[in-house]
Amino acid sequence: MTVENPVVLVDRDGTIIEDVPYLSGLSDVRFLPGVIDAIRELNRRKIPVAVVTNQSGVARGLFSESFVRETHEYMNKMLGQEGAAIDAFFYCPHLPEAILPEYRTVCLCRKPEPGLLLDAMKQFGARHESTIMVGDMVRDMIAAQKAGVKGFMIQGGNKDNRSEAGLTYIRVASFSEAVDRFLDTLSI
Ligand SMILES: [Mg+2]
Ligand SMILES: [Zn+2]
């Protein structure tokens, strides 16, 4: 069986770069071990990689949307020096209790809602059965389940206090392990 149109959706903070709460300086951007090699391998296989990230620091007035975009450009600049690239970035700047009124909303894109994942899947013509979501929080796995895609959760990452009842996902040690396991399923 060959899987068609595989797509990798991935959380940002704590999954592919070091988790720095409300990261607000480019000097804090550091890729986690094995991540660049894994992205390069996905690029080689022409499998799209899309970041889907909550950035409520925007709504909290801690940094601007332009800083979020600048961070993503910087990430791709760092990756480019290693022959790798992320294909697209999707972020949610909202928060129901936002300090800045223009971001104060109950949106459909803030994970655990699946809006960012569904937008990314639409952009790449992804199929549910051939798409994975890799993250480090339970809300990433809830979003994966709501989007109808397989979730891989990195252990030892962020913790949050949501119940895991009824959630199905695969535990991995790193983004690169998730990618390896996904690639193993593509052609059997
Ligand atoms: Mg995270
Ligand atoms: Zn949102």
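1. Are Cys 92 and Cys 109 buried or exposed? Both are buried. Cys 92 counts as buried because its relative accessibility is 0%. Cys 109 is buried too, with a relative accessible area of 14%. Buried means under 20% relative accessible area, exposed over 50%, and partly exposed in between (1.4 Å probe, protein chains only).

2. This is a predicted model: local features need pLDDT of at least 70, side-chain atom pairs count only at pLDDT 80 or more, and totals for chains, interfaces and linings use all residues. Residues are numbered from 1 along each chain, chains are lettered from A and ligands numbered from 1 as written, and side-chain values use heavy atoms, without hydrogens or water.

3. Look at the zinc ion (ligand 2). Its protein donors are Cys 92 (SG), His 94 (ND1), Cys 107 (SG) and Cys 109 (SG), at 2.1 to 2.3 Å. Donors are N, O and S atoms within 2.8 Å of the metal (3.2 Å for Na, K and Ca); water is not among the atoms, so sites may look incomplete.

4. The arrangement is tetrahedral because the four donor atoms subtend angles of 105 to 116 degrees.

5. Along the chain, the donors follow the spacing C-x1-H-x12-C-x1-C. Cys 92 and Cys 109 are 17 residues apart and link distant parts of the chain. Cys 92 is in strand β3 (residues 88-92), while Cys 109 is in the loop between β3 and α3 (115-123). Helices (H or I, at least four residues) and strands (E, at least two) are DSSP runs, numbered from the N terminus.

Definitions and conventions:
Four donors count as tetrahedral if all angles lie between 85 and 135 degrees; four count as square planar and six as octahedral if opposite donors are over 155 degrees apart and all others between 65 and 115; anything else is irregular.
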